Amino acid sequence: MTIHHVDGNRVARSNHADCAGQVRGIQNHHMDGNGWADIAYTYLTCVHGYVFEGRGPGQRTSANGTDPGNQNWYALCGLVGGVAGNYDPATAQLIDAFQWAISTLRSTGGAASAINRHMDHKATACPGQLSAYVLNGSLNPGGGGTNPPPWPGVYFRYPPITAHASVNTWQQQQRNRGWTIGVDGQYGPESKSV
């Protein structure tokens, strides 16, 4: 997925009722002004946490600036803008909307696991302040951000044999999935072979 923002100063709408009109305005500009078949983006997200379908999954984009970029990457646009030091806020709802859109595209198949920025395809300042969210992993569903949670478990090693209650849980889960394995809480040769 390639992340974009709207060109211009402070473009986020304070009232969500205005966001659909903003999307239609972008679509009209892309179709009437640029002569494209439709809006350039796959999905658009607003600061209120809503996702608008643009071209939708499975469709080539027109937003990424290069033929390979448009052919091989979906385009997601946040309805935020600004220039250095004067950006619209990237709200928690906007981040959630990006995560939902990315997760949805991945679940439909054909979407790369990588998330990049418009500037990775073409010399541009886009996606503005959203660049930091791409780089620190915040837009990646289920994780990312600058402070990932600490590792909550233990490493199973053999040799030596790891004896731990978590091994017991893991062995039981493997057994529930159809593996023939003893459940003794010891990560020994039998567990290692699974």
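Which residues of strand S1 point one way, and which the other way? In this predicted model, Thr2 and His4 point one way from strand S1 (residues 2-5), while Ile3 and His5 point the other way, and all are buried, where buried means under 20% relative accessible area, exposed over 50% and partly exposed in between, with a 1.4 Å probe and protein chains only. Residues are numbered from 1 along each chain as its sequence is written, and side-chain values use heavy atoms, with hydrogens and water left out. Because the model is predicted, local features need pLDDT of at least 70 and side-chain atom pairs count only at pLDDT 80 or more, whereas totals for chains, interfaces and linings use all residues.

**Confidence**
- The mean pLDDT (the predictor's confidence in each residue, from 0 to 100) is 84 for the protein, and 91% of its residues reach 70 or more.
- Over residues 145-152 the pLDDT is below 50, and this stretch has 4 contacts in the model beyond near neighbours in sequence, a contact being heavy atoms within 4.5 Å.
- Where pLDDT is low, the predicted coordinates should not be read in detail.

**The sheet around S1**
- An open sheet of mixed pairing is formed by 5 strands in the order S3-S2-S4-S1-S7; strands (E, at least two residues) and helices (H or I, at least four) are DSSP runs numbered from the N terminus, and two strands pair if DSSP finds at least two bridges between them.
- S3 and S7 stand at the edges, each with a single partner strand, so one side of each has no neighbour in the sheet.
- S1 runs parallel to strand S4 (residues 75-78), to which 4 bridges join it, and threonine 2 has alanine 75 as its bridge partner in S4.
- S1 also pairs in the parallel sense with strand S7 (residues 116-117) over 2 bridges; in S7, asparagine 116 is the bridge partner of threonine 2, and arginine 117 that of isoleucine 3.

**Helix H3**
- The buried residues of helix H3, among them Leu94, Phe98 and Ile102, pack against S1, strand S2 (43-45), strand S3 (51-53), S4 and helix H4 (130-135).
- Just after H3, glycine 109 takes a positive phi of about 90 degrees.

**The largest pocket**
- The largest pocket is lined by 26 residues, of which His5, Val6, Asp7, Tyr41 and His118 lie nearest its centre.
- S1, helix H1 (19-33) and strand S5 (82-83) are the elements that give two or more residues to the lining of the largest pocket, and H1 supplies the largest share, 4 residues.
- On a 1 Å grid over the protein atoms alone, a pocket is an open set of points where a 1.4 Å probe fits, with protein on both sides within 12 Å along at least five of seven lines, and lining residues have an atom within 4 Å of a point.
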